[in-house]
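Morning, everyone. I have a few minutes on side-chain packing, so let me put the sequence and the structure up.

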Amino acid sequence: MGETQAKKKKAPLSMWKVILIVIAVVYVMSFIIPSGAYERDGKMAIPGTYQIIDKIYLNPAQVILAVGDLVYSTFGKLFVTLIIMGGMMGIVNSTGVLDRALSNLIHRLKDKALIIIPIYIFATALLGCVGSMISTVVLFIPLGITIAKQLKADRIFAVGLVILGSFTGFMTSPINPLTGLLGQEIAGLAPYSGSGLRTIVTILNLTVVSAYLIFWVKRCQKNPEIYAKNFGGENTVEEGDVPGAGEYRPMTVREIAILVIFFGAFIFFAAGGPTLGLGMTQLGSIMLPVAFIEGFLAYYDIDETMRRFVKGTQDMCGVMVFMVLASVMSVILNNSGILDTIVYYISVPLNHMSSAFAAIGMFIANGLINFVINSGSGQTAVMMPIMAPLSDVVGVTRQMAVLTLQYGDGFTNLFAPTSVNLMACLAMAKVDLKQWYKFLIPCYGMLFVIMIASIFVGTAIGF
């Protein structure tokens, strides 16, 4: 009995407990922090216009009644896509073809199998650079888990593989439309200017991320109990679906066709938005017939196809509920009037720093703001009108002000418990926040050093 109680005490906080704790903390803060507001020109905050307003106290009923509309407007389209993509993954996973293909690839590559990691990281980073594969990254977690199993890694690696490429590319991208280009437009700079330094930092960061993930996999492979603890007893292929699925054998024409359509669909989904101008619901709708084609190729009748499809959608339900809960924080921050107050008081100390340290202060300030404004374009619209004139006063170029905003917004995306994208990925992969921080801090610590060095270099050369 004593041992059972000890195990319960040592059990890590689940994602559900973490999100509820964060909601409670934010709600308490809404009673303590003064309500305030900037005057706005459209969505843009006007510098120097912040003022305290009458304190707004939200009762629980006001918060609850506002959540539905926010969830619908923010995630409604994503929820439709999650359902369809989850169904398609359910059909493909049930065939065992994806597991077999990755197993065969790793068998052929042998000692070179880890080359999969940098290829995946740089490919997803390219999509992240243009602002794609950020809000939809959770859709790729099942694929990450499959790769993790084949490489004998753990669930944390699965999340890292899927999320680090796109988010790291987004963080320093020379072509990021949501923070970089929008920030340059607000600051009165030429679009895509200063791309040289950003490109160098992006390549360095992605190289570090790839090397760290390779190190992590090798660490897992040296400790088989890590794999057993993460995936012991699990089987993504239902018994009897694919005889001998774990054995090495050449792929059949039918299996190759399933793979080509599967990866073709994912590539089209990831690249279709920025290149063809397709919206999320349009891309999701295209995946519906893809799911039926995969079922046909697997020799399923319509009833069996739909059974597999519905089973796949069930895996997405927990993530969707999690996103609903996360929206409660946004309601409290915005409707209580404390968001602008937090922005104002974080920006005040920057007036008293030297130029180089002011630039670093801007980086850190934007990173802190990202905990409460977890949207790249939203943070840029609020912060850049404040940071641009502030940079003129403290002797920092406006280009550097944009860069530090981009750095700050991107860097804490994968730390903030208020990040819906991060928390949804962790919830789907069954990884708790403490485990994630232990994995992420060494990697992003190295990236932090690279970015701080780039700020010093940029300040010295008048970037």
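I will go through one serine, then the aromatic rings, then the charges over rings. Keep in mind that this is a predicted model.

Start with S166. The residue sits in helix α7, which runs over residues 155-172. Is S166 buried or exposed? Its relative accessible area is 0%, and buried means under 20%, so S166 is buried. What does S166 touch, leaving aside residues up to four places away in sequence? The contacts are T124, A125, G128, M133, I134 and V137.

Now the aromatic rings. Counting ring centres within 6.5 Å as a pair, the model has 20 aromatic pairs. One of them is Y344 with Y345: the ring centres are 5.0 Å apart and the planes meet at 75°, so this pair is edge-to-face. The cut-off there is over 60 degrees. As for accessibility, Y344 has a relative accessible area of 31%, so Y344 is partly exposed. Y345 is also partly exposed, at 48%.

Further along, ring pairs join several residues into a cluster. Which residues are they? The cluster consists of F363, Y407, F411, F415, Y437, Y444 and F448.

Last, the charges over rings. K55 lies over the face of Y57, with 5.7 Å to the ring centre. R219 is placed over the face of W216, and there the distance to the ring centre is 4.5 Å.

To recap: S166 is buried in this model, Y344 and Y345 form an edge-to-face pair, and K55 and R219 lie over the faces of Y57 and W216, respectively. That is what I have.

Notes: Residues are numbered from 1 along each chain as its sequence is written. This is a predicted model: local features need pLDDT of at least 70, side-chain atom pairs count only at pLDDT 80 or more; totals for chains, interfaces and linings use all residues. Side-chain values use heavy atoms; hydrogens and water are left out. Helices (H or I, at least four residues) and strands (E, at least two) are DSSP runs, numbered from the N terminus. Buried means under 20% relative accessible area, exposed over 50%, partly exposed in between (1.4 Å probe, protein chains only). Contact means heavy atoms within 4.5 Å. Rings of Phe, Tyr and Trp (its six-membered ring) pair if their centres lie within 6.5 Å; planes under 30 degrees apart count as stacked, over 60 as edge-to-face and the rest as tilted. A charge sits over a ring if NZ of Lys or CZ of Arg is within 6 Å of the ring centre and within 35 degrees of the ring normal.
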